[in-house]
Amino acid sequence: MSRFNNGLIYTNDSCIACNKCVTNCSTFGANVSLVENGKLTIQIDSEKCNNCGKCIDLCIRNARQYRDDFDLFQKDLARGEKISVILSPVFHLYYGEKLNNFIGFLKSIGVQKVYDETFGAEINIWAHTNYLKEHIAEESRAFISQTCPSLVNTIELHYPNLLHRIVPVHSPMMCTAIYAKKYLCDANKIAYIGTCVSKKDEINNPLTFGFVNYNVTFKKFCEHYDLQNMEKNNSNFDLNCFGFGKITNFSGGLSEIIESCFPPNYQTVKMIGFVPTNFQTLKLESENKKFLSSLINELSFFEDLTLFPYSLHHLF
């Protein structure tokens with residue numbers, strides 16, 4: 001089977017090979033020019049794509065699409081499968097006080113439990129802070145957060161010698177799922193509803209042990225369900241958060257919170273987002289230039305929190 005267009009993100013027939021995806025791609029070699037039936041298109045090499053979804057947001061022809069688990073999620077719900085949902089923090093930003101209406105709607109279509117991912121973010125913050133405090137003076141300590149699966153994919157693809165630099169802490173989604181399974185004894189299948197395509201990679205990773213079963217993007221959820229009249233539904237989270245976890249839905253929120261847990265004499269070096277300068281820094285570190293690992297008395301930290309494949313104004 002060809003490795004082109006068989007991954008989570010793929011090119012449809014609307015492509016005109018304008019190369020906007022190529023020039024803005026966050027990983028080298030993921031886009032491939034191919035001629036099919038006399039037409040030039042830009043397809044995706046699934047073995048090189050990090051599934052960040054940036055090209056989906058950028059393409060003015062809507063030629064980039066993605067695969068998620070919505071169809072399976074909806075089919076399993078319809079046949080009576082017991083499913084709990086972990087809800088991404090972006091819903092706090094969009095729905096605000098009406099969030100309980102959306103939670104009620106989820107339960108009206110058969111969802112058993114709804115968990116706030118920010119609860120897992122609270123665990124994630126605690127674990128990151130503990131790790132960094134215990135290892136802050138070690139030159140070989142990790143400094144890369146694995147909250148973003150696309151960032152982990154990038155390191156696996158292009159900087160494998162930095163894998164040991166990833167902080168050994170699960171993402172907020174996985175922290176929430178593990179807590180629900182271990183302490184709430186939730187035997188249901190678990191679906192994650194959010195905006196991130198690459199969460200599917202995290203779900204499929206053997207190191208996450210199958211705690212989460214579906215990655216459902218909100219865009220496809222909205223394409224299927226009519227949410228205009230959801231005000232008649234009302235319910236609460238079955239697992240909620242009232243602390244720092246609430247503000248991790250802002251880009252850089254995790255770094256800001258962790259910084260606040262250290263004395264003011266610690267200078268923080270933060271790298272946030274899929275921007276060229278951050279990848280250049282990773283490249284230098286992977287080549288043993290030791291820009292970051294030399295900062296043993298400082299708090300260097302790399303996280304990424306994006307709303308790809310769709311920014312908020314596109315998504316909602």
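Guide: A helix here is a DSSP run (H or I, at least four residues), numbered from the N terminus. The model is predicted, so to speak of local features takes pLDDT of at least 70, side-chain atom pairs count only at pLDDT 80 or more, and totals for linings use all residues. Residues are numbered from 1 along each chain, and side-chain values use heavy atoms, without hydrogens or water.

Visitor: Welcome me in: which helix gives the most to the lining of the largest pocket?
Guide: A pocket is an open set of points on a 1 Å grid where a 1.4 Å probe fits, with protein on both sides within 12 Å along at least five of seven lines; lining residues have an atom within 4 Å of a point. Helices H7 (149–158) and H9 (199–204) each supply at least two lining residues. The most, 4 residues, come from H7.

Visitor: How much space lies in that largest pocket?
Guide: Its lining has 18 residues, with Gln-146, Val-152, Glu-156, Asn-205 and Leu-207 nearest the centre. The lining divides into 8 nonpolar, 7 polar and 3 charged residues. The space in the largest pocket is about 410 Å³.

Visitor: Which residues lie nearest the centre of the second largest pocket?
Guide: About 290 Å³ of space lies in this pocket, and 15 residues line it. Those nearest its centre are Cys-25, Ser-26, Thr-27, Phe-28 and Phe-279.

Visitor: And which helix gives the most to the lining of the second largest pocket?
Guide: Two elements give two or more residues to this lining, H7 and helix H12 (276–286). The lining holds 7 nonpolar, 6 polar and 2 charged residues. With 4 residues, the top contributor is H12.

Terms used
Grid points are joined across faces, edges and corners, and a volume is the space filled by probe spheres set on the points. Ala, Val, Leu, Ile, Met, Phe, Trp, Tyr, Cys and Pro count as nonpolar, Asp, Glu, Lys and Arg as charged, and the others, Gly among them, as polar.
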